[in-house]
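Biologist: Can you walk me through this model? I'd like the sheet, a few residues and some helix packing.

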Amino acid sequence: MIRVLLVDDQALIRGGFRALLDAEDDIEVVGEAADGADGVRLAARHRPDVALVDVQMPVLDGIEATRRIAADPELAAVHVVILTNYGVDEYVWGALRAGAAGFLVKDMEPEDLLHGVRVAARGDALLSPALTRKLIQEYVSRPAGGVPDADHALRELTRREREVVTLVGGGLSNEEIAARLHISPITAKTHVSRSMTKLGVRDRAQLVVLAYETGLVTPRGPAAGQPAGDF
């Protein structure tokens with residue numbers, strides 16, 4: 001059962017999402033919060049698999065709420081998905097830097113919400129290649145804190161791990177990485193997991209951010225000598 005926490009200051013949004021999610025046999029809404037501070041408290045209490053968090057809220061916004069959840073080792077299994085009215089914007093980029101697993105637009109189709117929750121629950125990033133490219137083109141050059149010691153950590157990666165991180169930066173899934181590199185999906189997953197451990201990131205979304213912030217991948221394509229992503 002996928003356990004979901006809803007964090008949004010609009011009761012109508014929470015009610016609609018709850019009705020849709022609770023109707024699924026494999027999903028259960030375990031709590032609701034109307035602001036980010038309460039959302040952080042409920043995340044600590046319920047330990048949901050997925051927290052759907054509005055980016056703009058009173059008391060504590062979604063970015064700071066995401067940062068606090070991501071910084072708590074006891075909440076490492078909570079995957080935060082940011083909800084936004086505006087699609088790709090600076091708030092979303094900030095949320096990804098803070099540790100969000102991805103984002104969803106509030107006017108999405110019901111099936112997209114259900115798919116997004118299931119994707120996030122299994123630890124994958126909600127970032128398609130097209131959305132990743134748009135995010136990077138708009139915000140990668142703006143100053144902000146990346147993952148600490150990332151440049152140094154990149155030197156600890158094997159050649160294959162660097163290839164895998166580059167492809168993750170291009171938005172590819174484990175299955176697509178396996179096909180591109182002619183390895184098994186299990187081997188691809190192992191390379192991704194080892195790379196995340198070495199680089200000190202908590203999920204694939206942060207791995208994407210790091211790949212761009214370190215120059216391993218650029219908006220025009222990956223760094224020299226690296227395999228191309230779906231750009």
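Modeller: A term to start with: buried means under 20% relative accessible area, exposed means over 50%, and partly exposed lies in between (1.4 Å probe, protein chains only). This is a predicted model, so local features need pLDDT of at least 70 and side-chain atom pairs count only at pLDDT 80 or more, while totals for chains, interfaces and linings use all residues. Residues are numbered from 1 along each chain as its sequence is written, and side-chain values use heavy atoms, with hydrogens and water left out.

Biologist: Is D54 buried or exposed?

Modeller: D54 is buried, with a relative accessible area of 5%. It sits in strand 3.

Biologist: What does D54 touch?

Modeller: Contact means heavy atoms within 4.5 Å. Leaving out residues up to four places away in sequence, D54 touches V7, D8, D9, G62, L83 and K106. A65 is 11 residues from D54 in sequence, and their C-alpha atoms are 9.7 Å apart.

Biologist: Zooming out, how many helices and strands are in the protein?

Modeller: There are 11 helices and seven strands. Both are DSSP runs numbered from the N terminus: helices are H or I with at least four residues, strands are E with at least two. Of the 231 residues, 50% count as buried.

Biologist: What is the strand order in the open sheet?

Modeller: The order is 2-1-3-4-5, five strands with parallel pairing. Two strands pair if DSSP finds at least two bridges between them. Strand 2 and strand 5 (102–105) are the edges, and each pairs on one side only. Neighbouring strands are turned by 25° against each other on average, direction ignored.

Biologist: Which bridges does strand 1 make?

Modeller: Strand 1 pairs with strand 2 (residues 27–33) over six bridges, in the parallel sense. R3 has E28 as its bridge partner there. With strand 3 (residues 50–54), strand 1 has four bridges, also parallel. L6 is partnered with L52 in strand 3.

Biologist: Which helix packs on strand 3 and strand 4?

Modeller: Helix 3 (residues 62–71) packs on the sheet, touching strand 3 and strand 4 (79–84). Its direction makes about 175° with that of strand 4. Axes are lines fitted to C-alpha atoms, for helices over the stretch in contact, and angles run from 0 to 180 degrees between N-to-C directions.

Biologist: Why call strand 1 largely enclosed?

Modeller: Five of the six residues of strand 1 (residues 2–7) are buried, so the rest of the structure largely encloses it.

Biologist: What about H79: where is it, and what does it touch?

Modeller: H79 is in strand 4. It is buried, at 15% relative accessible area. Leaving out residues up to four places away in sequence, H79 touches D49, V50, A51, A101, A120, A121 and G123.

Biologist: Now helices. At what angle do helix 8 and helix 9 cross?

Modeller: Roughly 130°, with the axes of helix 8 (residues 159–169) and helix 9 (residues 174–181) coming within 10 Å. That makes helix 8 oblique to helix 9. Angles under 35 degrees count as roughly parallel, over 145 as roughly antiparallel, 65 to 115 as roughly perpendicular and the rest as oblique.

Biologist: Which residues meet there?

Modeller: R160, E163, V164, L167 and V168 in helix 8 meet I177, R180 and L181 in helix 9.

Biologist: Last one. Is helix 11 mostly covered or uncovered?

Modeller: Helix 11 (residues 204–213) is mostly covered, with nine of its 10 residues buried. Among them are R204, Q206 and Y212. G215 follows helix 11 and has a positive phi, near 85°.
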